[in-house]
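Thanks for making the time, everyone. I would like to walk you slowly through a structure that is new to this group, so please have a look at it before I go on.

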Amino acid sequence: MEKPNSFVLQHSWYEQRRVTKGEAKVYVNQDSTPYHRAYHREKLTPAQFEACKVFEKRYLAYWQRSGQRNILDTTVRGSSMDAESQQEASLRAKERLEEVLECMTKAQCEVVFSVAVEHEAIGECDVKRKRYRYLVEGLDEIANKLRLSG
């Protein structure tokens with residue numbers, strides 16, 4: 001990647017990293033998602049940041065398991081797991097996702113999903129703004145439920 005221009009460097013967090021030993025350093029974007037940017041600008045607490053990562057991980061574990069097909073489909077497709085263990089894994093992933101979904105309101109869920117999973121922009125990080133307030137409140141609920149400290 002070529003060097004980012006001065007505007008991009010001013011508004012993002014890039015670091016020079018050596019990809020392989022002996023190679024030249026390249027610029028790597030450290031603010032790859034909206035919640036990473038918000039965290040590095042101190043708009044999210046460490047507990048809220050961890051809650052966001054947990055939500056994304058659990059959502060993707062449930063909906064994108066086994067190469068983009070629905071995990072409740074138990075037909076055997078060359079996997080080493082038998083149908084019973086696939087179904088058990090599906091149920092565990094669903095329970096883990098529902099654990100974090102149940103602690104938030106519908107509005108909070110929608111905003112957390114759009115930011116954590118779809119990586120949509122947060123917008124202005126001001127508690128007077130409804131979107132940001134729902135995001136922070138939802139992440140606080142997840143952090144409290146999972147006892148994440150920060």
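In what order do the elements of the protein run from the N terminus on? Keeping in mind that this is a predicted model, the order reads α-β-β-α-α-α-α-α-α, and the secondary structure comes to seven helices and two strands.

As for the protein as a whole, buried residues make up 32% of its 150 residues, while the exposed surface comes to about 9800 Å², of which carbon and sulfur atoms supply 47%. If we take the contacts with a separation of 6 or more, 51% of them are between residues 24 or more positions apart.

Let me turn to helix 3, which covers residues 46–63 and spans 26 Å from its first C-alpha to its last, close to the 26 Å expected for its 18 residues. Several of its residues are buried, among them F49, F55, Y59 and Y62, and C52 in that list counts as buried because its relative accessibility is 0%, under the 20% cut-off.

That cysteine brings me to disulfides, and a search of the whole structure finds zero of them. For C109, the nearest cysteine sulfur belongs to C103 and is 7.6 Å away, whereas a disulfide would need the two sulfurs within 2.5 Å. C109 is itself buried, with a relative accessible area of 15%.

Finally, consider T33, in the loop between strand 2 and helix 2. At 6% relative accessibility T33 counts as buried, and its side chain makes a polar contact with the side chain of H36, at 2.5 Å.

How values were computed: Residues numbered from 1 in each chain as written. Predicted model: local features only at pLDDT ≥ 70, side-chain atom pairs only at ≥ 80, totals over all residues. Heavy atoms only, no water. Helix = DSSP H or I, 4+ residues; strand = E, 2+ residues; numbered from the N terminus. Buried < 20%, exposed > 50% of the residue type's maximum accessible area, 1.4 Å probe, protein only. Polar contact = N/O pair within 3.5 Å; in protein donor to acceptor, adjacent residues only side chain to side chain. Expected span 1.5 Å × (residues − 1). Contact = heavy atoms within 4.5 Å. Areas by Shrake-Rupley, 256 points an atom, 1.4 Å probe, with all protein chains shown as cover.
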